[in-house]
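I opened the model today with two things to look up.

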Number of protein chains: 2
Amino acid sequence: MPAECRCGRSSFYFRRQSGEALCKRCFTKSIERAAFKTIKKEGLFTPNDRIMIALSGGKDSIALAHILSKIEKRYGAELFAVTIDEGVRGYREEGIRIAKEVATRLELEHYTFTFKETYGYTLEEICEIAKSKGVQLLGCSFCGILRRRLLNDLALKLGATKVATGHNLDDESQTFLINLFRGDVDRIGRAGARPLVTREGFIPRVKPLRYIPEKEIAVYVYAKGYDLYQRECPYVRASLRDEIRDLLNRLEADHPGTKHSIVNVSDSLSELLEEKIISSKVERCFLCGSPSSRKICRTCEVFSLLGIRRSSDRMN
Amino acid sequence: MPAECRCGRSSFYFRRQSGEALCKRCFTKSIERAAFKTIKKEGLFTPNDRIMIALSGGKDSIALAHILSKIEKRYGAELFAVTIDEGVRGYREEGIRIAKEVATRLELEHYTFTFKETYGYTLEEICEIAKSKGVQLLGCSFCGILRRRLLNDLALKLGATKVATGHNLDDESQTFLINLFRGDVDRIGRAGARPLVTREGFIPRVKPLRYIPEKEIAVYVYAKGYDLYQRECPYVRASLRDEIRDLLNRLEADHPGTKHSIVNVSDSLSELLEEKIISSKVERCFLCGSPSSRKICRTCEVFSLLGIRRSSDRMN
């Protein structure tokens, strides 16, 4: 690696794909520029937006909060952050502490909501029930369903016009392959940096970091002096996503640019699939009345699979 | 595995995905039905077609020749077979011998053409030149380019209205992933069982075995009493395709149906990409005048990369 950045400062990060050695300042600027480019090109935000940041306390959400604080405040958009406490003792507390520190440092309005107060059960309790009933939970899809629903409900309740999430290039290329291997054309169509079609009852979810590699996000967060929250949820299990992550990392090492290629193909296809999505109807869940493209929404499906009733003190 | 097929005969093949045990007769019928279904659903042939079978002597092309002889002759279509001798001593002779035997058994008009007489060089000679000039040949793409061109030229010369190839489910799902990892949206759009758009100068290539797993094709050919040609070309090198083959086989074992899912997604996307293909222009290669979507066709690109002139006694 060359000892110096082209600006003359000593090098901090070597970007293999482009062959550049970058100093800390040029590196962090390049990440911010990449996010800004996505925001501008995809038209993710307007100055009138009230943006809800999904702030888990993990590196991606920290980078997102930091970058949006720099960029969006300048344009007059309102920002606030929400942290979801799924309820996993010995694991989640650290993430919540970091999320609070990040919100304080960035002077962000910040809310924490729990699975327990929303659904009546912590993730731990849900996993125990599943285990006792012999229900096989498929990787993290289960927790993801409940978290995504809660984020949309909170966005509606707190008056957000956009929900921003920290999904990065690795997440997005992995997700494309998972949807492909499952033959899920509809999800392939809904995978862009922003939804191409606004659907009633769903606050648009946007992904400003969609084209930035996971590794560079980790380096960015470190460069900005944040605590990195490294623990892994004890309920994470070996999944298809792990296998795909390994494959993509091997491919990227041998053929730099593979992850970008996948996300670019995904973008081209999303545009083509737009028509199809427009024509698909949003229904209301038969059980809870929430907007859903299915007769029974996924959240109700999870609870009925476990044979438990969700808490009645839901927000909406 | 159950000892008996549902017809009462003793079982011969266990189809894991459906849980069926099949006798030899029911198994071979099921393969023929699958090919027939593709031919019918995709409208691959008409009774007026003169179909050229690309008969390498490998298992896929044997299965294809056998099945088309059974089905298409019944409908009055004309069939003939072409074998390409790339020129690799100690390897290719066996395939050519098998191809001749297959053509004799199936009473097919049969032609053999060589790289040497077409291009002026055998594959061996081309590989030697590449080696001596330090040109890196990318896997088998090189030989594939020359073979595909020759097949199209032969189809034009021999009055074929369709070229049928033995690509199976494994080939097709692998190819989709390779095109995806390379970000090649155009090729993703051209990947169906038949071309959605007929392009001037290109004889339509059809793939009746596109939805049949490689393994079942091998078993089919064995059941029909053909010699299996097992040698591997000495010029085959570890490639991206091998890595993808392994991945897909692991995924298929854990999640039966993955390969089908990929090919189904591929089909959905081909239809969406149809418009885009219609609008792309067929040009003529600046060097040889053959139809191509590029200024310089891939065949001329290969020869100019190697710095050699191709033989002037080309067919057209």
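Here are my notes, taken in the order I looked.

**Entry 1: the model.** I am working with a predicted model, so I keep that in mind throughout.

**Entry 2: how the copies are related.** I superposed chain A on chain B and got a rotation of 180° with 0.0 Å of shift along its axis, at an RMSD of 0.0 Å. That is the relation of a two-fold axis. I then asked which C-alpha of chain A is nearest the axis. It belongs to A:Leu272, 3.2 Å from the axis. Both copies use the same surface, as 100% of the contact residues of chain A recur in chain B.

**Entry 3: where the chains touch.** I found 18 residues of chain A in contact with 18 residues of chain B. On the chain A side, the elements giving two or more residues are helices H7 (169-181), H8 (185-189), H10 (240-254) and H11 (258-279). H11(A) gives the largest share, nine residues. By type, I noted eleven nonpolar, six polar and one charged residue on this side of chain A.

**Entry 4: a helix pair in chain B.** Next I turned to helix H1 (residues 24-41) and helix H9 (residues 214-223) of chain B, whose axes lie 10 Å apart at an angle of about 125°. That makes H1(B) oblique to H9(B), and their crossing is left-handed. Which residues meet here? From H1(B) I listed B:Lys24, B:Phe27, B:Thr28 and B:Ile31, and from H9(B) B:Glu216, B:Tyr220 and B:Ala223. The residues of this contact divide into four nonpolar, one polar and two charged.

Technical notes: Residues are numbered from 1 along each chain as its sequence is written. Chains are lettered from A and ligands numbered from 1 in the order in which they are written. This is a predicted model: local features need pLDDT of at least 70, side-chain atom pairs count only at pLDDT 80 or more; totals for chains, interfaces and linings use all residues. Axes are lines fitted to C-alpha atoms, for helices over the stretch in contact, and angles run from 0 to 180 degrees between N-to-C directions. Helices (H or I, at least four residues) and strands (E, at least two) are DSSP runs, numbered from the N terminus. Angles under 35 degrees count as roughly parallel, over 145 as roughly antiparallel, 65 to 115 as roughly perpendicular and the rest as oblique. A crossing is left-handed if the near helix is turned anticlockwise from the far one by less than a right angle, and right-handed if clockwise. Two residues are in contact if their C-beta atoms, placed from the backbone, lie within 7 Å. Ala, Val, Leu, Ile, Met, Phe, Trp, Tyr, Cys and Pro count as nonpolar, Asp, Glu, Lys and Arg as charged, and the others, Gly among them, as polar. Copies are superposed by least squares on the C-alpha atoms of residues with pLDDT of at least 70 in both.
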